[in-house]
Amino acid sequence: MTINRRGFVGAAAAAAAGVRMPGAFAAKSAKYDLVIKGGRVLDPARKLDAVRDVAIADGRIAAVAASLPGDAAETIDAHGKLVVPGLIDIHTHAGRSKEGAELCLADGVTGLIDAGSQGADRIGEIIAVAKAAPQPFRVLINIGRAGILPDGDTMDLNRADVAAAREAIHGNREMIAGVKARLSRDVCGSNDYEVLRRAQTVASLYELPVMIHMGQTMSPLPKLLGLLKPGDIVTHMFAPPPNSIIDDNGHILPEVIAARRRGVRFDLGNGRTGHLRWDMADAILKAGFLPDTFSTDWTPEARTSQVINFPNVMSKFLMLGMPLDQVIARATVNASYAFPVFRGRGVLKPGAPADLAVLELREGSFEFEDNFKNSRTGRQRLFPSATVLAGKRVAAPS
Ligand SMILES: [Zn+2]
């Protein structure tokens, strides 16, 4: 079969204009695997907030445009919903259960970190769970070799075992993304400074970030911050005194500001015990010290209490007055910078991995609880509606 030049130009022009061609030609123009149609696309990395179609092919974003021809293998109708980059949760304990990663995925979480559930002794168990997860999943090794213990991970300083952690990382470079140091009084007592020093010793050997769990420490926070390097993460940044990031007069500590300036990240870490109190959040946000990232500190038990899911955690900051695009940024693109495994994610530009969350922003009256049984009512709440991972729609949440 030959095609004359005039006909070829005509067909190309028609295709460029999005005109459907009849017959055999129409089948050829079905070039997308999936199109998410008519949603409010919120992509903070590109400052986009508009009704758009998102087309996906070969596991990547193919196009984002006001209107795309509907000839895709599958479509998701997103009218009235938000379409955002897949959520990235940098502080979870999803590795504690086999189902954790899939439960988070149904909530829109297309990348996650287990932050220190296990130490060197049983790191293999959590790595096996992470490897089996459908989405990118990495782990932070707890510097306490026995992981999280009810009577304190490193209350016995011998458990902060540099050699054991080093060996564990050496054998699992692909899966271990950093080192976790839990520094509360009930986790390590007065060992906090030495535990963090040892965590840094291990991390520096492999150029990994350290995540510290702050709040209710015995050492003053500025002393601990002095040990943090660029790229390290402070989680539970809204923890109340003793040793919060803000003083009684509503001033962020100068050492906290200096740490951020040199590249230390500050993270929410919602959790359920002692980390989030509304009056602290009010004061810290009022002082203009916004979190770099949101995270849930997710556990299976938290699905029914306080945390519920990542969109619910994000909704608390809508209630606290943060604009929607800023809320989305902290759960997507900002989080993508925290660990190399997420680089290039958290954005909906053509060519990027097609990980997306479709969320519903409902108006109404919604109760949110902090970690101290204080309840507040918000007017909006985000709910998961659909998740796309590597270009494929995953099962809808039940
Ligand atoms: Zn945690």
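These are my notes from a look through this structure, which is a predicted model.

**Zinc site.** I started with the metal. The zinc ion is held by NE2 of H91, NE2 of H93 and OD of D297, at 2.0 to 2.3 Å. I then checked how these donors sit along the chain, and their spacing reads H-x1-H-x203-D.

**Largest pocket.** Next I went for the open space. The volume of the largest pocket comes out at about 440 Å³. I noted 24 residues in its lining, and those nearest the centre are R182, H213, T273, H275 and D297. Two elements, β9 (176–182) and α6 (185–188), each give two or more residues to that lining. By type, I have eleven polar, eight charged and five nonpolar residues there.

**Aromatic rings.** I found four aromatic pairs in the structure. I picked F238 and F317: their ring centres are 5.7 Å apart and the planes meet at 40°, so I put the pair down as tilted. F238 is in the loop between β11 (233–235) and α9 (254–261), while F317 is in helix α11 (residues 310–319), so the pair ties together parts 79 residues apart in sequence. F238 is buried, at 0% relative accessible area, and F317 is buried with a value of 0% too. Ring pairs also bring in F294, giving a cluster of F238, F294 and F317.

**Charges over rings.** Last, I looked for these. K223 sits over the face of Y193, 4.6 Å from the ring centre. R362 lies over the face of F383, with 3.9 Å to the ring centre.

How values were computed
Residues numbered from 1 in each chain as written. Predicted model: local features only at pLDDT ≥ 70, side-chain atom pairs only at ≥ 80, totals over all residues. Heavy atoms only, no water. Donors = N, O, S within 2.8 Å, 3.2 Å for Na, K, Ca; no water. 1 Å grid on protein atoms, 1.4 Å probe; cavity = no way out; pocket = protein on both sides within 12 Å on 5 of 7 lines; lining within 4 Å. Points joined across faces, edges and corners; volume = space filled by probe spheres on them. Helix = DSSP H or I, 4+ residues; strand = E, 2+ residues; numbered from the N terminus. Nonpolar A, V, L, I, M, F, W, Y, C, P; charged D, E, K, R; others polar. Phe/Tyr/Trp six-rings, centres within 6.5 Å; stacked < 30°, edge-to-face > 60°. Buried < 20%, exposed > 50% of the residue type's maximum accessible area, 1.4 Å probe, protein only. Lys NZ or Arg CZ within 6 Å of the ring centre and 35° of its normal.
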